[in-house]
Amino acid sequence: MTEWQRLPGYVSHRDGPEMPTVTVETERIREACEHARDELGFDVCVDLVATDYLGWGGKGVSGYIGTASGRDLMHPMTQGLQTLPELKPKRFSISYHLLALRQGAPRARLRCWVDEGERVPSVISVWPTCDWHEREQYDLMGIVFDGHPNLERLLMPEDWEGHPLRKDYPIGGEPVRFTDEE
Amino acid sequence: MSSTVTPPTSRRWPIVADDQYDGSRIPSRVPTVLDVPAALRDSEDVLQVNFGPNHPSTHGVLRLIVDLHGEEVVGVSAVIGYLHTGFEKSMESKTYWKGVTFPERIDYVGYQNNGLVYVLAVEQLLELEVPTKATWMRMLLCELNRIHSHLVFLGTSALELGAISMFWYCFREREMLLDLSELVTGQRMHTRYFQVGGLAEDIPRGFFPECRKFVDWMPHALDDYKGILDRNEIWLERTQGVGVLSARDAIALGQSGPTLRASGVDWDLRRDQPYLHYDQVDFQVPVYPAGDVYARYRVRLDEMAESTKIVRQCLDKLERMDGMPWIADDRKVVLPPREELHTSMESLIHHFKLVTEGFRVPEGEIYVAVESPRGESGCYLVSDGGPKPWRIHFRAPSFVALEATATCLENTLVADLIAVVGSLDAVMGDTDR
């Protein structure tokens with residue numbers, strides 16, 4: 001049993017090159033963050049970021065990739081062979097990048113998954129710094145954080161429609177003012 | 001100003017002082033909004049003033065909605081987003097190769113450091129090895145860039161508090177730095193010199209002596225600054241004890257970099273989570289316990305001296321690396337040398353493929369952080385195995401620094417507001433992205 005399995009709502013964890021990714025149940029993310037701060041010593045939430053996986057793996061990725069030792073012919077992504085990236089459980093992932101201010105600077109990524117229309121508990125009460133981070137992800141990605149006292153748009157204008165960082169939001173999709181059609 | 005350091009009272013070692021004030025000053029309802037006290041709310045005496053977005057001392061387009069009771073600041077709420085340009089969205093539609101231009105324009109004062117964090121993230125996903133000469137040169141340029149950024153901070157914040165000569169002095173040295181940048185990269189700012197795999201070009205011959213001249217001169221310049229400001233009664237009055245942020249509040253608000261170190265937290269990613277070759281150079285991390293505007297100024301001033309030391313050590317190494325490669329020799333990622341295009345079919349194909357289609361990055365996600373002049377600058381990158389990033393996100397230190405405005409502005413006067421906002425050293429391009 002690792003220290004991660006004691007997190008409230010623990011689902012799974014995977015080691016990464018720079019930090020482990022620990023998936024927890026969405027409803028218990030606030031408790032998990034509190035546990036990470038108080039029991040595991042992760043003092044700082046450096047970043048909170050949501051990713052939209054709409055259309056992820058929709059088309060195969062082929063082509064060659066470079067490695068330190070040159071072209072790897074046996075790699076599944078080498079030219080000609082199509083691979084599909086690993087499928088994701090839900091549309092949006094929300095990652096909390098945590099940092100412990102101690103020797104070795106341990107980091108961890110808490111992760112929860114939501115679909116369109118689902119809500120995430122706010123973690124402002126654990127880390128006040130998440131105030132603007134949550135507002136930014138609400139603004140650009142349309143994630144609703146339950147319990148945020150001031151969940152308004154942050155970077156886009158107040159009357160903006162849509163959430164620009166979503167994959168179904170086109171580039172150049174904003175309405176053009178003062179055209180003939182208007 | 002006492003520079004005595006109290007012994008750590010907490011179980012965690014980096015906090016060297018947390019006695020700036022008792023308890024927490026973070027506003028309780030919304031952490032980034034200072035609400036007008038209930039007793040004052042209905043009185044006729046509270047005046048709401050818009051500070052910015054077009055105000056010279058907001059360093060760009062920051063807007064603060066300030067509630068004033070006489071000269072006292074009783075309420076404040078920051079409005080950002082006036083410089084939102086959608087960098088993250090734009091980068092999703094550009095190949096990694098073209099994306100190099102974007103991060104340097106996010107934090108347009110600390111451009112080298114922001115460019116670095118992006119190429120490091122891509123390189124780590126590619127598991128690409130970078131030649132040691134490129135790594136040393138990246139360090140050198142990042143430290144010059146740190147000096148550049150702190151000079152802009154120092155010059156402009158002093159200017160806002162009335163010390164106009166400081167501005168000319170700082171921009172004199174900044175000009176030397178921009179000339180150095182032009183000499184080595186061809187551009188004064190936003191250089192695109194860091195490429196995935198190394199550097200765009202070899203270091204030109206004349207760079208080292210010119211850079212030596214600069215590092216020999218810089219300590220004298222720092223003495224000049226200290227001479228102008230450090231015994232200046234007005235400067236001390238305007239900065240000491242103003243805009244105090246305690247160590248615990250700074251950590252809770254996610255602060256990093258000079259703001260954190262000025263609040264008595266001994267934390268620097270260059271030393272505590274070394275990247276590049278920072279573990280091979282000798283430098284100190286300045287920490288001041290007071291948490292006020294003066295402490296933030298002193299941290300940056302001392303950091304310039306330390307950066308000068310690092311630059312000198314980088315020069316010592318680089319001068320002995322003449323003729324060594326400056327970019328990785330991986331033809332699937334790095335453009336082939338120009339002269340090969342005329343003689344080698346393979347190189348021509350590689351060049352064509354890289355420029356039109358870009359290189360592919362293996363599926364995965366990564367978060368890379370570096371110590372930029374403003375604090376922890378991070379890049380979160382998700383790749384689906386294609387030639388364009390699936391999602392890219394930048395952790396902007398200025399964005400986080402501005403979250404502390406409400407806490408710092410508790411019990412201050414309107415004139416102090418300028419000093420406090422300046423001391424947080426937010427670059428609006430970085431904040432709004």
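**Chain architecture, interface and backbone geometry of the predicted model**

From the N terminus on, the elements of chain A follow the order β-β-α-β-β-β-β-β-β-α-β, a total of two helices and nine strands, where helices (H or I, at least four residues) and strands (E, at least two) are DSSP runs numbered from the N terminus. The model is a predicted one, in which local features need pLDDT of at least 70 and side-chain atom pairs count only at pLDDT 80 or more, whereas totals for chains, interfaces and linings use all residues. Residues are numbered from 1 along each chain as its sequence is written, and chains are lettered from A and ligands numbered from 1 in the order in which they are written.

Of the 182 residues of chain A, 37% count as buried, a residue being buried if 20 or more other C-beta atoms, placed from the backbone, lie within 10 Å of its own, exposed if 12 or fewer do, and partly exposed in between. Among contacts in chain A (C-beta atoms, placed from the backbone, within 7 Å) between residues at least 6 apart in sequence, 56% join residues at least 24 apart.

The contact between the chains takes 42 residues from chain A and 53 residues from chain B. On the side of chain A that touches chain B, two or more residues each come from strand E3 (44-52), strand E4 (66-67), strand E5 (70-71) and helix H2 (130-141) of chain A, with E3(A) giving the most, six residues. By class, this side of chain A has 26 nonpolar, nine polar and seven charged residues; Ala, Val, Leu, Ile, Met, Phe, Trp, Tyr, Cys and Pro count as nonpolar, Asp, Glu, Lys and Arg as charged, and the others, Gly among them, as polar.

In chain B, four strands form an open antiparallel sheet in the order E1-E4-E3-E2, pairing being assigned if DSSP finds at least two bridges between two strands. Strand E1 (33-34) and strand E2 (46-51) of chain B stand at the edges, each with a single partner strand, so one side of each is left without a neighbour in the sheet. E1(B) is joined by two bridges to the antiparallel strand E4 (residues 72-79) of chain B, and Val33(B) stands opposite Ser77(B) in E4(B).

Most residues other than glycine have a negative phi. Ala105(A), in the loop between strand E6 (92-99) and strand E7 (107-114) of chain A, has a positive phi near 45° and is partly exposed, with 16 other C-beta atoms within 10 Å. Asn411(B), in the loop between helix H16 (405-408) and helix H17 (414-424) of chain B, has a positive phi near 55° and is exposed, with 12 other C-beta atoms within 10 Å.

Methods. Contact = placed C-beta atoms within 7 Å.
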